[in-house]
Amino acid sequence: MPTPNLTVRTYQASDLTALVALFNASVHGLTADHYDAAQRQAWAPAATDMPEWQTRLSALELLIAEDGQAIAGFIGFSLAGHIDLLFTAPGYARQGVATALYAAAEQRLRAAGARELFTEASLVAQAFFAGQGFSVQQAQTVARGAVILPRMLMRKPLEPR
Ligand SMILES: CC(C)(COP(=O)(O)OP(=O)(O)OC[C@H]1O[C@@H](n2cnc3c(N)ncnc32)[C@H](O)[C@@H]1OP(=O)(O)O)[C@@H](O)C(=O)NCCC(=O)NCCS
């Protein structure tokens, strides 16, 4: 696939269905090296709860990476410095989508006065966040029903520029 021509824009309500589909595809398509089938199913269940997604997204700043009309990834964060969601579409993996999204989010967070960023990184995303200057604070687990998902609490102090 040629290098994508990415633009980053803010989320609109009309993106909801595509964003949730991308989340499901990303979990099922990009995490199998670290999470087994039961864990992936617990993380992104077949039956999507759209009202729950709407509520979750409404509390976040959201940026979308687009390649023409195609959504290549998204990031969700709070202005307090919590990176909550970062997902790339499987067909766009390792092409700089998360890098572009993270850069735009960090710029927004710096402008909002955040002094420190933190995230509960999946084991898939750990190397990505390490590359962005985050360090591991603590290994954690999160329970989804009877299934346990390991993750890493990571943080990055934002030095003034
Ligand atoms: C983690 C994730 C967001 C990375 O997205 P991406 O768009 O592929 O990342 P980028 O192309 O910007 O990667 C930049 C660098 O991060 C590192 N990186 C990214 N994905 C990696 C992976 N799976 N394994 C190891 N290093 C990785 C590499 O250093 C990469 O540079 P390189 O490709 O030149 O080696 C993506 O794999 C994803 O959506 N995973 C599934 C969902 C998930 O775990 N989300 C995070 C929830 S906290």
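Which helix does Ala-98 lie in? Ala-98 lies in helix α4.

## Basis of the model

This is a predicted model, in which local features need pLDDT of at least 70, side-chain atom pairs count only at pLDDT 80 or more, and totals for chains, interfaces and linings use all residues. Residues are numbered from 1 along each chain as its sequence is written, and side-chain values use heavy atoms, with hydrogens and water left out.

Helices (H or I, at least four residues) and strands (E, at least two) are DSSP runs, numbered from the N terminus.

The ligand sits in the largest pocket. The elements that give two or more residues to its shell are α1 (16–30), β4 (82–88), α4 (97–111), β5 and α5 (126–131). A pocket here is an open set of points on a 1 Å grid over the protein atoms alone, where a 1.4 Å probe fits, with protein on both sides within 12 Å along at least five of seven lines. A molecule sits in a pocket if more than half of its atoms lie within 2 Å of the pocket's grid points.

The ligand is surrounded by 21 residues. The closest are Leu-86, Arg-94, Gly-96, Thr-99 and Ser-122. A residue is near a molecule if one of its heavy atoms lies within 4 Å of it.

## Backbone contacts to the ligand

For Ala-98, the distance to an oxygen atom of the ligand is 2.9 Å. The protein covers 74% of the 890 Å² of accessible area that the ligand has on its own. Accessible areas come from the Shrake-Rupley method with a 1.4 Å probe.

Ala-98 counts as buried because its relative accessibility is 14%. The classes are buried (under 20% relative accessible area), exposed (over 50%) and partly exposed (in between), with a 1.4 Å probe and protein chains only. Ala-98 touches Leu-86, Thr-88 and Phe-128, leaving aside residues up to four places away in sequence. Contact means heavy atoms within 4.5 Å. Ile-75 is 23 residues from Ala-98 in sequence, and 7.9 Å away in space, C-alpha to C-alpha.

Phe-129 lies in helix α5. At 3% relative accessibility, Phe-129 is buried. Its contacts are Ile-83, Leu-86, Tyr-102, Thr-119, Ala-121, Phe-134 and Met-154, not counting residues up to four places away in sequence. The C-alpha atoms of Phe-129 and Ala-98 are 9.8 Å apart, across 31 residues of chain.

Ser-122 belongs to strand β5 (residues 116–122). Ser-122 is buried, at 14% relative accessibility. Its side chain reaches the backbone nitrogen of Ala-125 at 3.0 Å. Ser-122 also touches Tyr-35 and Trp-43, residues up to four places away in sequence not being counted.

Is Arg-94 buried or exposed? Arg-94 counts as exposed because its relative accessibility is 85%. Arg-94 is in the loop between β4 and α4. Its phi is near 60°, a positive value in a residue other than glycine.

Helix α1 contains Ser-26. Ser-26 is buried, with a relative accessible area of 5%. A polar atom of the Ser-26 side chain lies 3.0 Å from the backbone oxygen of Thr-88. With residues up to four places away in sequence left out, Ser-26 touches Thr-31, Phe-87, Thr-88 and Pro-90.

Pro-90 is placed in the loop between β4 and α4. Its relative accessibility of 33% makes Pro-90 partly exposed. Pro-90 touches Ala-25, Ser-26, Gly-29 and Leu-30, again not counting residues up to four places away in sequence. The C-alpha atoms of Pro-90 and Gly-73 are separated by 9.2 Å, at 17 residues apart along the chain.

## Thr-141

Strand β6 (residues 135–144) holds Thr-141. Thr-141 is exposed, with a relative accessible area of 55%. Thr-141 touches Ile-148, Leu-149 and Pro-150, not counting residues up to four places away in sequence. Thr-141 and Pro-51 are 90 residues apart along the chain, and their C-alpha atoms are separated by 25 Å.

How values were computed. Polar contact = N/O pair within 3.5 Å; in protein donor to acceptor, adjacent residues only side chain to side chain. 1 Å grid on protein atoms, 1.4 Å probe; cavity = no way out; pocket = protein on both sides within 12 Å on 5 of 7 lines; lining within 4 Å.
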